[in-house]
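Let us walk through this model strand by strand, then turn to its surface and its aromatic rings.

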Amino acid sequence: MISYQVNQWKSASWRRETRYYYCELKQDLFGEWLIVRSWGDIRSKRGRQMENR
């Protein structure tokens, strides 16, 4: 049985001039911890995302 610890999930977001950044610590469907990082440019609506276990 998979045990989720939702109360320990964290997220943060911030902006710097025209750039945005977002970081999240959460669990996937199998209960493994993930760090999800997103960043990009506010004007062009382009960005990237990376997940690490």
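Strands are DSSP runs of E with at least two residues, numbered from the N terminus. Two strands pair if DSSP finds at least two bridges between them. The model is predicted: local features need pLDDT of at least 70, side-chain atom pairs count only at pLDDT 80 or more, and totals for chains, interfaces and linings use all residues. Residues are numbered from 1 along each chain as its sequence is written, and side-chain values use heavy atoms, without hydrogens and water.

Start with β2 (residues 19-27) and β3 (residues 33-41). They run antiparallel and are joined by nine bridges. Glu24 has Val36 in β3 as its bridge partner. Five residues separate the two strands of this hairpin, and Gly31 in the turn has a positive phi of about 85°.

Next comes β4 (residues 46-52). Seven bridges join this strand to β3, again antiparallel. Here Trp39 is bridged to Arg48 in β4. The β3-β4 hairpin has four residues between its strands, and Lys45 takes a positive phi near 60°.

Now the rings. Rings of Phe, Tyr and Trp (its six-membered ring) pair if their centres lie within 6.5 Å; planes under 30 degrees apart count as stacked, over 60 as edge-to-face and the rest as tilted. The centres of Trp14 and Tyr21 are 5.8 Å apart and their planes lie at 15°, so the pair is stacked.

How covered are these residues? Buried means under 20% relative accessible area, exposed over 50%, partly exposed in between (1.4 Å probe, protein chains only). Trp14 is partly exposed at 44%. Tyr21 is partly exposed at 27%. Leu25, in strand β2, is partly exposed at 32%.
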